[in-house]
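I opened this notebook to keep a record of what I looked up, one topic to an entry. The entries follow the order in which I went through the model.

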Amino acid sequence: MTAELEVLQDAAGRLERAGIAYMLTGSIALSYHAEPRMTRDIDIVVQLEERDAGEIAALFAPDYYVSDEDVSRAMRTRGMFNVLHLEKLVKLDLIVRKDEEYRRHEFQRRVRVQLPGFRVWIVSKEDLILSKLAWAKDTMSELQLRDVRVLLTTAPDRAYLHHWAARLGVADLLQRSLDAGYDA
């Protein structure tokens with residue numbers, strides 16, 4: 001098992017034992033749903049409230065570095081904070097779930113999957129596509145758009161994609177990605 005998967009297994013176990021709902025997203029979710037891609041970190045959306053801020057550092061101690069200040073800021077802004085495994089030097093990006101209609105819906109659709117040696121909650125492939133389109137909307141990141149085209153080859157629910165893409169303001173990017181196809 002790679003260091004990243006070992007850290008993911010440990011972090012998911014800690015979150016589950018603490019009763020904190022989460023879902024894996026980003027490059028590792030892409031690797032599960034479509035094709036492996038190198039990653040520098042592990043992206044996890046967590047459902048936290050401001051009152052949980054003080055418990056996060058204790059949850060990951062003593063094996064991880066967590067800045068209480070970064071956690072508190074992320075809780076207030078519904079942003080992101082880092083958790084670093086001190087021995088394996090693997091970084092987790094914990095993203096506080098936003099309290100928006102789509103983000104609540106996306107989180108409800110997460111699925112439980114089997115990874116080597118453990119089970120984990122992960123974003124659905126359709127919601128991963130929509131998130132990547134939203135991330136690419138402002139930056140036009142070719143990497144995010146390439147990931148979208150790869151994910152579109154996995155037979156996602158297109159009606160769902162079109163519905164939410166229109167509501168999220170990324171319908172044009174979705175259509176361009178569909179039209180472009182994927183050329184390995």
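This is a predicted model: local features need pLDDT of at least 70, side-chain atom pairs count only at pLDDT 80 or more; totals for chains, interfaces and linings use all residues.

**Entry: Arg 112 and its partner**

I looked up what Arg 112 meets and found a salt bridge with Glu 16, in which the closest N and O atoms are 2.6 Å apart. The pair links distant parts of the chain, since Glu 16 sits in helix H1 and Arg 112 in strand E6 (residues 111–115), 96 residues apart. Glu 16 counts as partly exposed because its relative accessibility is 34%.

**Entry: other salt bridges**

My search of the whole structure gave 17 salt bridges. One of them joins Lys 88 to Glu 6, with 2.9 Å between the closest N and O atoms. Lys 88 is in the loop between E4 and E5 while Glu 6 is in helix H1, so this pair ties together parts that are 82 residues apart in sequence. Both ends are partly exposed, Lys 88 with a relative accessible area of 32% and Glu 6 with 29%.

I then turned to Asp 127 and Arg 109, whose side chains meet in a salt bridge at 2.7 Å, N to O. Asp 127 belongs to helix H6 (residues 125–139) and Arg 109 to the loop between helix H5 (101–108) and E6, so the pair ties together parts 18 residues apart in sequence. Is Asp 127 buried or exposed? I find Asp 127 buried, with a relative accessible area of 0%, whereas Arg 109, at 25% relative accessibility, counts as partly exposed. I also recorded a network in which salt bridges that share partners join Asp 10, Arg 14 and Asp 63.

**Entry: strand E1**

I went through strand E1 (residues 22–25) one face at a time and found both faces covered, with Tyr 22 and Leu 24 buried on one side and Met 23 and Thr 25 buried on the other. In a regular strand the side chains alternate between the two faces of the sheet. E1 runs antiparallel to strand E2 (residues 41–46), and 4 bridges join the two. Within this pairing Met 23 stands opposite Val 45 in E2.

Why does Thr 25 count as buried? The reason is its relative accessibility of 4%, which falls under the 20% limit. Setting aside neighbours within four places in sequence, I list Asp 43, Val 45, Ile 95, Val 123, Leu 128 and Trp 135 as the contacts of Thr 25.

**Entry: helix H3**

Which residues of helix H3 (residues 53–60) are buried? I noted Ala 53, Ile 56, Ala 57, Leu 59 and Phe 60. They cover an arc of only 160° around the axis, and this puts them on the same side of H3. The face turned away from that buried side carries the exposed residues Gly 54, Glu 55 and Ala 58. An α-helix has 3.6 residues a turn, so residues three or four places apart point the same way. Among the elements that cover the buried residues of H3, I recorded helix H1 (3–17), strand E3 (64–66), helix H4 (68–77), strand E4 (80–85) and strand E5 (91–96).

**Entry: the nonpolar core**

The largest nonpolar core has 59 residues, and those with the most contacts inside it are Leu 8, Ile 42, Ile 44, Phe 60, Phe 81 and Leu 92. H1 gives the most to this core, with 6 residues. I looked up Ile 44 in particular and, leaving out neighbours within four places in sequence, found contacts that include Leu 8, Leu 15, Tyr 22, Met 23, Leu 24 and Leu 92.

**Entry: aromatic pairs**

I counted 2 aromatic pairs. Phe 60 and Tyr 64 form an edge-to-face pair, at 5.1 Å centre to centre and 75° between the planes, and both residues are buried. Tyr 102 lies in helix H5 and Trp 164 in helix H8 (residues 158–168), so the pair ties together parts that are 62 residues apart in sequence. Both Tyr 102 and Trp 164 are buried.

Methods: Residues are numbered from 1 along each chain as its sequence is written. Side-chain values use heavy atoms; hydrogens and water are left out. Buried means under 20% relative accessible area, exposed over 50%, partly exposed in between (1.4 Å probe, protein chains only). Two strands pair if DSSP finds at least two bridges between them. Contact means heavy atoms within 4.5 Å. The arc is that of the directions from the helix axis to the C-beta atoms. A nonpolar core is a set of buried Ala, Val, Leu, Ile, Met, Phe, Trp, Tyr and Cys residues joined through side-chain atoms within 4.5 Å. A salt bridge is a side-chain nitrogen of Lys or Arg within 4 Å of a carboxyl oxygen of Asp or Glu. Rings of Phe, Tyr and Trp (its six-membered ring) pair if their centres lie within 6.5 Å; planes under 30 degrees apart count as stacked, over 60 as edge-to-face and the rest as tilted.
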